[in-house]
Amino acid sequence: MNTRVVELLGLKCPAGVHPPSQKLAAGHAIERAPLPKSVALPLQQHIGAPAKAIVKRGDEVKVGQKIAEADGFVSVPIHATLSGTVKHLATVASPVTGHPVSGVIIESDGKDEWIELTPADSETLSKEDILTRVKDAGIVGMGGATFPTHVKLSPPPEKSIKSIIVNGAECEPYITADDRLMLEETDRILRGLKTVMQVLSVKRAYIAIEENKPEAIARMRQGVAEGSLPGEVEVVAVPAKYPMGAEKTLVKSILNTEVPEGGLPMDVGTLIQNVATLAAVYDAVALGKPLVERVVTVTGLVGTPKNLLVRFGTAASSLIEQCGGADPSADEVIFGGPMMGIAQSRDDTPILKGTNCVLVKRSDIREEYSCIRCGRCIESCPMGLMPLQFVNLVKKEDYESLANYHIADCVECGACAYDCPANIPIVSYIKTGKAELRKAGVR
Ligand code: SF4
Ligand code: SF4
């Protein structure tokens, strides 16, 4: 069978699941985390080529100073997030892969001295100047994807972009960083949106927010009504279900169209930008401010869950301490949410550009049983796939057949595994299958 289940059954995407929202930090306004004594900054914080270090041991640096250059078009620079001294160039554990990567360690001088910023009137800048400022500031997708933003804002000429979808869905349980940003930094987000609409000459934008965030919806609607956005901008309350924030799910919900298999939203004339990314675009273009910090939700089994404004390179352990420490029963630290987050082997792993949450929890190792063919994974899949077939084929090492079941369309959201009564770690099987296909040269 090589036809999607969604078409066969006439189901309307998106499907999805309803895990408990657990937004423990939702009522806590953003607080600035104390500056750490040192930061560890991996040179690979984004998709694409790692940045190349341009500092050496003993160099004095200021906040916002470039310490590593972008290495090619699909790459961004890294900036110092403390003022002080480069202690050494070191190997740092990547929070994304767990593998060691090159990084720069900076020891603070306690002064928090910044480079001189160069503000600009974004409305008078050319498209090229805006994209240069976005790249130079090291902006990447801050919803977790970490794709360089200047690349996303440079679609090939044959792709006609007609709309922007602003992703304010934040559908993962526990995470509240974007919700707080929409409440507290509405103006920065909308100014960033205005700049992005200007760059792409787009006259239509949709701001997608889950319906269970009425305050954020109201605040953004008010901001849109008061602002001077260049075109029609609509705040859309989307259903509160997981994974509403996945790009393809948003496209289906907002535009009622499907991104083709293996394709991107730009293939159907739209681009998706996360709210935190848009605020960072405003900072970069209008203020000349490089990306050195972000809002991180620190939550789960901690004394007081909070939303903290954190300099990159800060150890997660210091944030957990700032939230009253971890409960003694907790034995796991996840970067991201419980559905798609990545378990960390050490709690001093540094916060990076794509880290929206530090979740402290008890590990949840459950015995795996045989598939009972209940079909719940199929019903939950927002992409209309057949997850149980991925498991079967990977177990049989029949990797070639995975493509017939559209494995490339899987966004690894984990909705299928969440709903599986047999506790089958379906996403692990899917990742193995995709890795085997990559090895065989099949994308
Ligand atoms: S949900 Fe689990 S048990 Fe049910 S069909 Fe899917 S893989 Fe099998
Ligand atoms: S992880 Fe993949 S197969 Fe499972 S529900 Fe998400 S998109 Fe579907």
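I started with ligand 2, which 16 residues surround, the closest being Cys-381, Cys-410, Cys-413, Ala-415 and Cys-416; a residue counts as near if its C-beta atom, placed from the backbone, lies within 6 Å of the molecule. The elements giving two or more residues to this shell are α12 (415–419) and α13 (426–439), and α13 gives the most, with three residues. Helices here are DSSP runs (H or I, at least four residues), numbered from the N terminus.

Housekeeping: this is a predicted model, where local features need pLDDT of at least 70, side-chain atom pairs count only at pLDDT 80 or more, and totals for chains, interfaces and linings use all residues. Residues are numbered from 1 along each chain as its sequence is written, while chains are lettered from A and ligands numbered from 1 in the order in which they are written.

Next I checked ligand 1: of the 15 residues around it, Cys-371, Cys-374, Cys-377, Cys-420 and Ala-422 come nearest. Here α10 (376–380) and α11 (387–395) are the elements that give two or more residues, and α11 has the largest share, three residues.

Then I looked at how α2 (127–136) packs on α8 (275–287): the angle is about 115 degrees and the axes are 9 Å apart. Axes are lines fitted to C-alpha atoms over the stretch in contact, with angles from 0 to 180 degrees between N-to-C directions. The two helices are therefore roughly perpendicular (65 to 115 degrees). I found Ile-130, Arg-133 and Val-134 of α2 meeting Val-281, Ala-284 and Val-285 of α8, with contact meaning C-beta atoms, placed from the backbone, within 7 Å.

How values were computed. Parallel < 35°, antiparallel > 145°, perpendicular 65-115°, else oblique. Contact = placed C-beta atoms within 7 Å.
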